[in-house]
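Q: Hey, can you walk me through this protein? I'd like to go piece by piece.

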Amino acid sequence: MLGELNTREIDAVLHTSVVGRIGCHSDGRTYIVPITYAFDGDSVYAHSAAGTKVEMMRANPAVCFEVEQLDDLANWRTVVAWGEFEELHGADADDGLRKLLARLAPYVTSTTAQPVSGPDGTFHGIRTTASEPMPPSAGRVAASGQAPVLYRIRLTEKTGRFEERSTSGSERRTAQAGDMYT
């Protein structure tokens, strides 16, 4: 069965995924690139080294964002969203980085960089080898020697589709609060 995702299901796909693709267009050229991200219900937060993607989004902040969840070729969900690129600085950058690091912390596998949480479970920073936690506001430098670019995509429109193979003839399972696709 093919169909459209409802708003709750669209948000569930955006909340549970960590890799999506940004499509940007500038000077007659279209560019699509995967990113890791965090979604807060309104915006997608991400970071990047300066380069083609950032230059294009600065020139034309209207972007497209796509995420899919693929169980197999007959069972999938996909979301396409449109929004505006916004480069973050100061307190907004700190807040965006906290959201991003908190979302990606479960996927950190490095023994030299581990997330640090407070007693209440809130994110406090990254502990590097034999160091105190490094807060999000600490100056960061990418391998290129430049500070990473923190940004958000303020989503203005979202749509979603799915395919689900029915094995029992029963209706499609809808996402319930606390029962999101994982």
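Q: How many residues sit between β4 and β5 in their hairpin?
A: Three residues lie between β4 and β5. One thing to look at in that turn is Gly41, which has a positive phi of about 105°. Keep in mind that this is a predicted model.

Q: Which way do β4 and β5 run, and how many bridges join them?
A: They run antiparallel, and two bridges join β4 (residues 38-39) to β5. To find the pairing by eye, go to Phe39: its bridge partner in β5 is Val44.

Q: What about β5 and β11, how many bridges do they have?
A: Six bridges, again in the antiparallel sense. β11 covers residues 149-163. You can pick out Ser48, whose bridge partner in β11 is Val149.

Q: Is β5 mostly covered or mostly open?
A: Mostly covered. β5 spans residues 43-48, and five of its six residues are buried.

Q: OK, zooming out. How many helices and strands does the chain have?
A: There are three helices and 11 strands. Along the sequence, the pattern goes β-α-β-β-β-β-α-β-β-α-β-β-β-β.

Q: And what share of the residues is buried?
A: Buried residues make up 37% of the 182 in the chain. As for the surface, the accessible area comes to about 10,200 Å², and 52% of that belongs to carbon and sulfur atoms.

Q: What share of the contacts joins residues at least 24 apart?
A: That's 63%, counted among contacts between residues at least 6 apart in sequence.

Q: Now the inside. How many residues are in the largest nonpolar core, and which have the most contacts there?
A: The largest nonpolar core has 25 residues, and Leu14, Tyr151 and Ile153 have the most contacts inside it. Several elements each supply at least two residues of this core, including α1 (7-16), β2 (19-26), β5 and α2 (52-59).

Q: Which element gives the largest share of that core?
A: β11 does, with five residues. There's also a second, separate core of six residues, and Tyr45, Leu88, Leu97 and Leu150 are among them.

Q: Switching to charges. How many salt bridges are there?
A: The structure holds 12 salt bridges. In one of them, Glu86 and Arg154 meet at 2.6 Å, N to O. Glu86 lies in β7 (residues 75-87) and Arg154 in β11, so this pair ties together parts that are 68 residues apart in sequence.

Q: Which residues are linked in a network with those two, Glu86 and Arg154?
A: Asp92 and Arg152 are linked with Glu86 and Arg154 in a network of salt bridges. As for cover, Glu86 is partly exposed, with a relative accessible area of 25%, and Arg154 is partly exposed too, at 40%.

Q: What does Asp72 form a salt bridge with?
A: Its partner is Arg165, and the closest N and O atoms are 3.5 Å apart. Asp72 lies in β6 (residues 62-72) and Arg165 in the segment after β11, so the pair ties together parts that are 93 residues apart in sequence.

Q: And which residue pairs with Asp71 in a salt bridge?
A: That's Arg77, with the closest N and O atoms 3.3 Å apart.

Q: Is Arg77 buried or exposed, and why?
A: Buried, because its relative accessibility is 8% and the cut-off for buried is under 20%. Arg165, at 47%, counts as partly exposed.

How values were computed:
Residues numbered from 1 in each chain as written. Predicted model: local features only at pLDDT ≥ 70, side-chain atom pairs only at ≥ 80, totals over all residues. Heavy atoms only, no water. Buried < 20%, exposed > 50% of the residue type's maximum accessible area, 1.4 Å probe, protein only. Helix = DSSP H or I, 4+ residues; strand = E, 2+ residues; numbered from the N terminus. Pairing = 2+ DSSP bridges. Contact = heavy atoms within 4.5 Å. Areas by Shrake-Rupley, 256 points an atom, 1.4 Å probe, with all protein chains shown as cover. Salt bridge = Lys/Arg side-chain N within 4 Å of Asp/Glu carboxyl O. Core = buried A, V, L, I, M, F, W, Y, C linked by side-chain atoms within 4.5 Å.
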